Amino acid sequence: MMAVAMVSIALQRNLFASVVLFSVYSFLMATVLVALDAVDVGMTEAAVGAVSTVLLVGTLYLVRKEEMKPLHKPVLPLVVALVTVGVLAYGTLGLPAFSDPDAPIHQHVAPRYLEDGPRETGVANIVIAVLASYRSYDTLGEVIVIFTAGVGVIALLRRRGTKEKER
Amino acid sequence: MRDYVVLRVVGKIMMAFMLLFAVYVHFHSKYGPGGGFQAGMILAAAIIFYAMIYGLPAARAVVPEWLVETMVAAGAMLYLLVGVAGILLGGNYLDYFVLHADPVAGQLRGIFWIELGVLITVAGVLLKVFYLFAGRPVTDEDGR
């Protein structure tokens, strides 16, 4: 279903239909993440999907409804995309099997977090314990990134607003 | 959407649950899925939902621009200050176990406050971006 949504987005010229299909894709993705037991990420995906759909519809309000015809045939990008898909698919062959308990990622620090996390932090939700306590610096960086991105968007959009007022 | 009575009434009822759920996701993240980021997203989504039904001016009256802009910086600031509090109480930067006599309670307290910082920044940035997009003047048919 996700592949169908993606292909229809690429073929679709009507921007409103694309936005709706993106939202469908986002909710399918959230469902997949919940099925993979990553409820945190699924929750984020669902909320981000809803909010970004609103933002995209808001953008549609400002621009034209139909995408322009491409000026040339996108053959080179197609080749690049296909080669990338091939390389990535080849790369997955070297990964350990899905949910393999002996995979390196489950042997490194994860067992320590799982065994000592609840005792050391008193938090039953290991995801929060790792994010906010063991990997606190990373989360700090994440917050700073969100802050910087927000300030960047504010600076870009607001400057335009004041210029229009000056005219 | 001023004429849609059903939407307006249902929206008003839904708002309380959405805001409550955002707070729940934050406070309950110790035991269930969730956390500051998710709670911030849900909070912002609730306000955006309100703005869609009652119009942007109504949402601006509830959550004014200056508050949103302050939230963007205040969340990151709160996170940084929790780290500084760790230093002042004799630990390293972002050490939580010094925040309370009992190290585990200190961890809980530190995690709560930094997650609150994440919540405030995320909600602030999202709302600000939404306000900026929704508040822009409408252009003509050619998109210019």
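User: Is Thr53(A) buried or exposed, and how is that decided?

Analyst: The label rests on relative accessible area with a 1.4 Å probe and protein chains only: under 20% is buried, over 50% is exposed, and values in between are partly exposed. Thr53(A) has 18% relative accessibility, so it counts as buried. This is a predicted model, in which local features need pLDDT of at least 70 and side-chain atom pairs count only at pLDDT 80 or more, while totals for chains, interfaces and linings use all residues. Residues are numbered from 1 along each chain as its sequence is written, chains are lettered from A and ligands numbered from 1 in the order in which they are written, and side-chain values use heavy atoms, with hydrogens and water left out.

User: Where is Thr53(A) placed, and which residues does Thr53(A) touch?

Analyst: Helices are DSSP runs of H or I with at least four residues, strands are runs of E with at least two, and both are numbered from the N terminus. Thr53(A) is found in helix α3 of chain A. Contact means heavy atoms within 4.5 Å. Leaving aside residues up to four places away in sequence, Thr53(A) touches Val19(A) and Ser23(A).

User: How do I read the interface of chain A and chain B?

Analyst: Start with contacts and buried area, the latter being the accessible area (1.4 Å probe) that two parts lose on being put together, summed over both. Here 39 residues of chain A are in contact with 46 residues of chain B. About 3,900 Å² is buried between the two chains, and carbon and sulfur atoms give 74% of that area. Met43(A), Leu62(A) and Leu157(A) supply 15% of what chain A buries against chain B, more than any other three residues.

User: What polar contacts and salt bridges are counted across the interface?

Analyst: A salt bridge requires a side-chain nitrogen of Lys or Arg within 4 Å of a carboxyl oxygen of Asp or Glu. Between chain A and chain B the rule finds 0 salt bridges. A polar contact is a pair of N or O atoms within 3.5 Å; within protein, one must be able to donate a hydrogen and the other to accept it, and residues adjacent in sequence count only if both atoms are side-chain atoms. The count between chain A and chain B is 3 residue pairs in polar contact, with both residues at pLDDT 80 or more. On the side of chain A that touches chain B, α3 (39-62), α6 (110-121), α7 (126-134) and α8 (136-166) of chain A each give two or more residues. Of these, α8(A) gives the most, with 15 residues.

User: Which residues are linked in a network of salt bridges?

Analyst: The network links Arg60(B), Glu65(B), Glu69(B) and Lys128(B). Glu65(B) meets Arg60(B) at 2.8 Å, N to O, and forms a salt bridge with Lys128(B) at 2.4 Å between the closest N and O atoms. Lys128(B) is buried, with a relative accessible area of 1%. Lys128(B) also forms a salt bridge with Glu69(B), at 2.8 Å between the closest N and O atoms. Lys128(B) lies in helix α5 and Glu69(B) in helix α4 of chain B, so this pair ties together parts 59 residues apart in sequence. Glu69(B) is partly exposed, at 30% relative accessibility.
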